[in-house]
Amino acid sequence: MSTRFRMGTNPWRLRLARPGLRWLLGLGLFLGLQASRSAAFYLPGLAPVNFCEASRETATCKSTVALFVNRLDSVESVLPYEYNTFDFCKDSEKRNPSENLGQVLFGERISSSPYKFPFNRTGTCVKVCVKSYDTANDDQEKKLAFLRKGIRLNYQHHWIIDNMPVIWCRNTGDGTKCCTPGFPIGCFITKSGESKHACLTHPEFNKSNIYFLFNHVDITITYHEDSGRNGGFARLVSARLEPQSYKHSGEGRLACNGPPMEIPEGRTEKFNVTYTYSVQFEENKSIKWASRWDYILDSMPHTNIQWLSIMNSFVIILFLSGMVAIIILRTLHRDIIRYNEMSSSEDAQEDFGWKLLHGDVFRPPRSRMLLSVFLGQGIQVLIMTFITLFLACLGFLSPSNRGALMTCAVVLWVLLGTPAGYVSARMYKTLKGVKWKTNFLLTALLCPGIVFADLFFMNVILWVEGSSAAISFGTLIGILAMWCGISVPLTFVGAYFGAKKKFRFPVCTNQIPRHIPQQSFFTKPLFGIMVGGILPFGCVFIQLFLILNSIWSHQMYFMFGFLFLVFIILLITCSEAAVLLCYFYLCAEDYHWWWRAFFTSSFTAVYLLIYTVHYFFAKLQITGMASAILYFGYTMVMVLIFFLFTGNHRMTSCISHSLKRLGGSHNVISIN
């Protein structure tokens with residue numbers, strides 16, 4: 001007698017149309033729309049600084065505007081350098097603000113500078129310092145050679161006033177204005193007369209084989225004055241500058257005009273370089289202190305194109321996700337109707353497809369230990385990424401809070417060792433593994449050890465090159481202490497409790513494995529894995545371009561709302577793609593789905609690697625073997641993290657849940 005499948009409410013439709021998912025997508029869209037205004041959100045602790053003229057200076061109102069300098073970096077080199085590494089003007093009372101872990105890992109080195117301006121007092125051609133060079137002196141020749149190298153590789157200053165980057169705006173070839181939070185040391189013209197970098201916008205720089213040094217800056221500081229309390233005070237809302245090159249004829253007659261400051265190639269006679277600045281203050285009543293970062297974000301290059309591309313990507317992602325969901329619904333619905341239409345025992349005996357695999361679908365895979373370790377590390381990265389992006393959307397990790405993003409990510413990773421150990425040990429126990437202690441050690445040490453070894457090798461190169469991005473030995477010891485003293489014990493706690501439990505399967509596994517029939521090209525693992533990684537990569541490649549620009553082209557990234565939205569849709573797409581392709585494998589009577597479920601989504605990391613290689617050769621201008629090694633070394637860390645994250649997210653849980661239905665449905669729709 002046949003036991004018929006009850007055609008009630010479709011459980012898949014409930015999962016796709018439930019209000020919680022719609023609410024989640026609505027929240028993501030809201031956060032994405034708020035991204036453009038995220039800079040206007042300031043947290044308690046990021047208190048404004050009040051400025052006033054010297055005659056009204058108090059403990060709560062400063063009369064001097066101090067300028068701080070950060071590291072110098074270049075789009076043609078991965079090696080950043082501290083400001084004092086170059087022979088620039090130095091502060092006699094050098095002060096280094098305290099730096100958090102994220103700033104140290106990113107190589108930020110902020111220090112005070114000799115540039116100090118009395119508030120609301122205009123200064124014209126003010127001398128800062130004079131540097132003398134004699135090429136007969138080896139020490140001075142080395143400093144001059146390093147300065148030429150910085151100009152040749154287009155190293156950029158990064159100055160800070162009142163925790164705001166001082167931006168440099170210039171007109172581009174198409175008539176638009178482009179602003180960047182940095183300005184070059186100088187520019188040069190090759191032996192063939194080709195102008196490089198900033199020399200393209202200075203027609204007066206017309207001598208071949210000459211370096212031109214920007215030794216003068218015109219600074220404009222804008223403030224908003226509030227006259228409602230205590231007689232009035234001002235708050236700075238923007239800072240811009242324009243670099244200039246002047247060859248000053250003498251220290252007593254600084255006019256800041258005339259021919260540019262030239263530095264010839266090779267040895268030359270003695271010469272002096274005088275560094276000067278001009279500063280002016282402007283009042284702006286329309287810009288509030290809380291929204292002072294808007295002018296920086298609005299002036300970023302290609303901002304409008306980026307927004308259009310992100311919205312276009314969002315529409316494509318929704319379309320692809322809908323298509324995957326429809327295919328799943330229609331395929332399962334058709335199979336269920338086919339089984340319910342069985343009217344005779346002869347029909348019932350003609351089982352085929354996934355129904356034949358109920359006794360093999362949960363057979364443990366090969367390398368179960370490694371799969372469990374990857375799943376444990378993946379859940380750790382997944383939760384860390386989710387919380388970090390969510391906090392960034394709320395403004396806790398805004399650009400004004402330097403280094404907070406990396407600090408938050410590292411701290412969360414250290415504290416999330418417990419879920420990593422629990423998931424890994426429980427999955428290993430489910431797959432009939434018995435060496436749970438070995439599983440714990442691999443979960444705690446394998447992937448983090450690979451990342452640490454890679455970063456240590458990169459750090460050795462940075463040490464040799466004298467870069468400011470090199471992490472000190474004490475910081476390395478501190479990171480090791482956090483890893484071994486906090487993360488590893490927490491992983492053990494999770495593994496201890498996870499090893500006592502296992503997932504329960506709805507059917508038993510046969511003693512003898514079922515023979516797998518000959519597979520067509522389209523049902524073989526490689527084809528499905530390659531196709532399965534395309535959809536998730538299509539979700540992220542626009543954001544990936546922006547993130548790579550932020551890292552390697554030193555552009556400011558601020559679209560965390562849209563990034564969080566893309567993150568959520570990426571998870572949904574990965575789950576749907578894995579479920580769909582695994583269903584096709586089972587229909588082809590191939591029950592080796594465990595690793596394929598993992599690789600179907602994690603293969604997105606391969607596309608990420610291919611794209612980063614393309615980005616290196618097509619978009620970047622990096623020169624030098626050390627910079628190339630550093631680029632691909634850091635890229636491999638990013639690819640590994642992305643591999644664990646995409647391979648883990650809901651792949652096994654979602655597929656296991658769906659296969660419970662597939663395996664368990666055998667008891668419901670089978671004919672006794």
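Is Ile461 buried or exposed?

1. The structure is a predicted model. The protein chain has 672 residues, of which 51% count as buried. Its secondary structure comprises 19 helices and 17 strands. Of the contacts between residues at least 6 apart in sequence, 79% link residues at least 24 apart.

2. Ile461 lies in helix H11, which covers residues 436-465. Its relative accessible area is 14%, and since buried means under 20%, Ile461 is buried.

3. What is Ile461 in contact with, leaving aside its neighbours within four places in sequence? The partners are Ala626, Ile629 and Leu630. Ala626 is 165 residues away from Ile461 along the chain, yet the two C-alpha atoms are separated by 7.1 Å.

4. Helix H18 runs over residues 625-648, and helix H15 over residues 560-587. The axes of these two helices come within 9 Å and cross at roughly 60°. H15 and H18 are therefore oblique to each other.

5. On the H15 side of this contact are Phe567, Leu570, Leu571 and Cys574; on the H18 side are Phe642, Phe645 and Thr646. By type, the residues of the contact are six nonpolar, one polar and no charged.

6. H18 also packs with helix H17 (residues 604-618), at an angle of about 160° and with the axes 9 Å apart. That angle makes H17 roughly antiparallel to H18. The crossing of H17 past H18 is right-handed.

7. Which residues of H17 meet H18? They are Thr604, Ala605, Leu608, Leu609, Thr612, Val613, Tyr615 and Phe616. The residues they meet in H18 include Ala628, Tyr631, Phe632, Thr635 and Met636, and also Phe642 and Phe643. This contact divides into 14 nonpolar residues, three polar and no charged. Phe642 of H18 is also among the residues that meet H15.

8. Helix H4 spans residues 138-152, 15 residues in total. From its first C-alpha to its last it reaches 21 Å, close to the 21 Å expected at 1.5 Å a residue.

9. Which residues of H4 are buried? They are Glu141, Leu144, Leu147, Arg148, Gly150 and Ile151. An α-helix has 3.6 residues a turn, so residues three or four places apart point the same way.

Note on methods. Residues are numbered from 1 along each chain as its sequence is written. This is a predicted model: local features need pLDDT of at least 70, side-chain atom pairs count only at pLDDT 80 or more; totals for chains, interfaces and linings use all residues. Side-chain values use heavy atoms; hydrogens and water are left out. Axes are lines fitted to C-alpha atoms, for helices over the stretch in contact, and angles run from 0 to 180 degrees between N-to-C directions. Helices (H or I, at least four residues) and strands (E, at least two) are DSSP runs, numbered from the N terminus. Angles under 35 degrees count as roughly parallel, over 145 as roughly antiparallel, 65 to 115 as roughly perpendicular and the rest as oblique. Contact means heavy atoms within 4.5 Å. Ala, Val, Leu, Ile, Met, Phe, Trp, Tyr, Cys and Pro count as nonpolar, Asp, Glu, Lys and Arg as charged, and the others, Gly among them, as polar. A crossing is left-handed if the near helix is turned anticlockwise from the far one by less than a right angle, and right-handed if clockwise. The expected span of a helix is 1.5 Å times one less than its number of residues. Buried means under 20% relative accessible area, exposed over 50%, partly exposed in between (1.4 Å probe, protein chains only).
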